[in-house]
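Open the structure in your viewer and follow the stops below. Each one says what to select and what is there.

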Amino acid sequence: MSDAKVTMTEVERANLGVIDSHCRAYLESGGREGHIFDTSSLGGHNFLTTLLIETFGRKTGQRRIIALNYGDIGGEVAIVASKGGADVHPAWYLNLVARPELIFQIATQAFRATWREPAGAEHDKVWDFMVDAYPPYAAYRAGTQRAIPIILLKPFEPVAVLQP
Amino acid sequence: MSDDKVTMTEVERATLEFVASHRATYIASEGREGHVLDYRHLGGHRFTTCLLLETVGRKSGERRITPLIYGDTGGEVVIVASKGGADVHPGWYFNIQSMDEVTFQIGGQAFRATWREPEGAERQRIWDFMADLYPPYRDYQAATGRKIPIVCFAPGDETERFRA
């Protein structure tokens with residue numbers, strides 16, 4: 001065992017192709033495909049809802065779109081910065097928290113949203129909900145010392161769907 | 001106050017036209033419109049997700065498509081037979097009693113599914129989750145002596161979208 005931080009896990013490496021093609025199909029279809037995703041081959045349920053988020057590189061300013069699992073809880077949309085259980089935060093998380101707002105897309109509808117990080121009992125409740133939605137999160141958390149962040153998105157305005 | 005059963009509530013009556021146009025738009029747009037709605041005017045959230053449920057009339061044999069609020073938890077899709085707090089169950093709930101499988105559509109994706117009614121502590125947990133998604137459910141339950149049923153769908157194969 002090495003003490004070096006794991007910046008990309010085996011899970012992430014193995015799923016890179018699937019994740020990339022899923023994101024591309026979602027984006028290029030304008031959200032008609034990709035929203036509900038069968039994750040049984042990844043250890044999840046055959047029914048998992050996914051969204052697209054748009055972020056901008058905090059150093060480069062470069063626009064990036066990625067697909068993530070989400071849960072809908074009390075009118076807010078939860079996403080998990082798991083990075084497959086790596087010891088570092090995913091780039092999208094660092095980019096997201098550098099700005100007060102972002103755009104996300106669910107199926108064919110996109111929204112401008114604010115975000116917050118739930119704390120304490122609320123954090124635990126959302127975490128449990130997200131593990132039920134995607135059970136591999138439990139193993140991801142067990143595999144790292146990092147506290148895996150959860151973000152709650154609060155949409156406030158409909159906008160045009162994301163373009164590739 | 002009368003002892004008569006309320007078979008249609010004021011809320012239902014007031015939203016009849018809206019429900020009809022919601023259904024028509026959802027189907028005609030192939031799920032591009034109607035999935036995420038703003039229900040603040042009804043006491044709900046800015047972000048509320050809706051599906052289409054297809055049932056077959058138990059007496060008429062007629063195919064019926066009903067738009068309903070849904071939540072998803074642990075890989076299952078949840079709907080609530082609230083009928084706006086009426087004292088009778090909605091037609092779709094009676095109809096599914098004689099159906100082993102149903103079809104529902106979320107956005108542009110439709111699925112065959114089996115269904116079940118959660119009980120005990122699980123039912124309470126799912127009720128709380130759904131009431132957080134759509135707070136008026138709590139008022140609906142308070143308005144009727146009927147115990148409002150909750151139905152969970154376990155999605156199976158993806159199938160063709162609904163057509164008008």
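This is a predicted model: local features need pLDDT of at least 70, side-chain atom pairs count only at pLDDT 80 or more; totals for chains, interfaces and linings use all residues.

**Stop 1: the interface**

Color by chain. Select the residues of chain A and chain B that are in contact: 27 of chain A meet 27 of chain B. Together the two chains bury about 2400 Å², and 54% of that is on carbon and sulfur atoms. Now pick A:Arg32, A:Phe47 and A:Asp72. These supply 29% of the area that chain A buries against chain B, more than any other three residues.

**Stop 2: polar links across the interface**

Show side chains. Between chain A and chain B, eight residue pairs are in polar contact, with both residues at pLDDT 80 or more. On the side of chain A that touches chain B, strands E4 (71-73), E6 (101-106), E7 (109-116) and E8 (150-159) each give two or more residues, as does helix H3 (120-133). That side divides into 13 nonpolar, nine polar and five charged residues.

**Stop 3: A:Gln109**

Select A:Gln109, in strand E7 of chain A. Is A:Gln109 buried or exposed? It counts as buried, because its relative accessible area is 15%, under the 20% cut-off. A polar atom of the A:Gln109 side chain lies 2.7 Å from the backbone nitrogen of B:Val36.

**Stop 4: salt bridges between the chains**

The rule finds two salt bridges across this interface. Go to A:Arg32 and B:Glu30, where the closest N and O atoms are 2.7 Å apart. Next, select A:Lys125 and B:Asp132, a salt bridge at 3.5 Å, N to O. A:Lys125 lies in helix H3 of chain A and B:Asp132 in helix H3 of chain B, so this pair joins two chains. A:Lys125 is exposed at 53% relative accessible area, while B:Asp132 is partly exposed at 26%.

**Stop 5: salt bridges within a chain**

Over all chains, the structure holds 20 salt bridges. Select A:Glu157 and A:Arg112, with closest N and O atoms 3.3 Å apart. A:Glu157 is in strand E8 and A:Arg112 in strand E7, so the pair ties together parts 45 residues apart in sequence. Finish in chain B: B:Arg116 and B:Glu122 meet in a salt bridge at 2.8 Å, N to O. Then select A:Arg32, B:Glu30 and B:Arg161, joined into one network by salt bridges that share partners.

Conventions:
Residues are numbered from 1 along each chain as its sequence is written. Chains are lettered from A and ligands numbered from 1 in the order in which they are written. Side-chain values use heavy atoms; hydrogens and water are left out. Contact means heavy atoms within 4.5 Å. Buried area is the accessible area (1.4 Å probe) that two parts lose on being put together, summed over both. A salt bridge is a side-chain nitrogen of Lys or Arg within 4 Å of a carboxyl oxygen of Asp or Glu. A polar contact is a pair of N or O atoms within 3.5 Å; within protein, one must be able to donate a hydrogen and the other to accept it, and residues adjacent in sequence count only if both atoms are side-chain atoms. Helices (H or I, at least four residues) and strands (E, at least two) are DSSP runs, numbered from the N terminus. Ala, Val, Leu, Ile, Met, Phe, Trp, Tyr, Cys and Pro count as nonpolar, Asp, Glu, Lys and Arg as charged, and the others, Gly among them, as polar. Buried means under 20% relative accessible area, exposed over 50%, partly exposed in between (1.4 Å probe, protein chains only).
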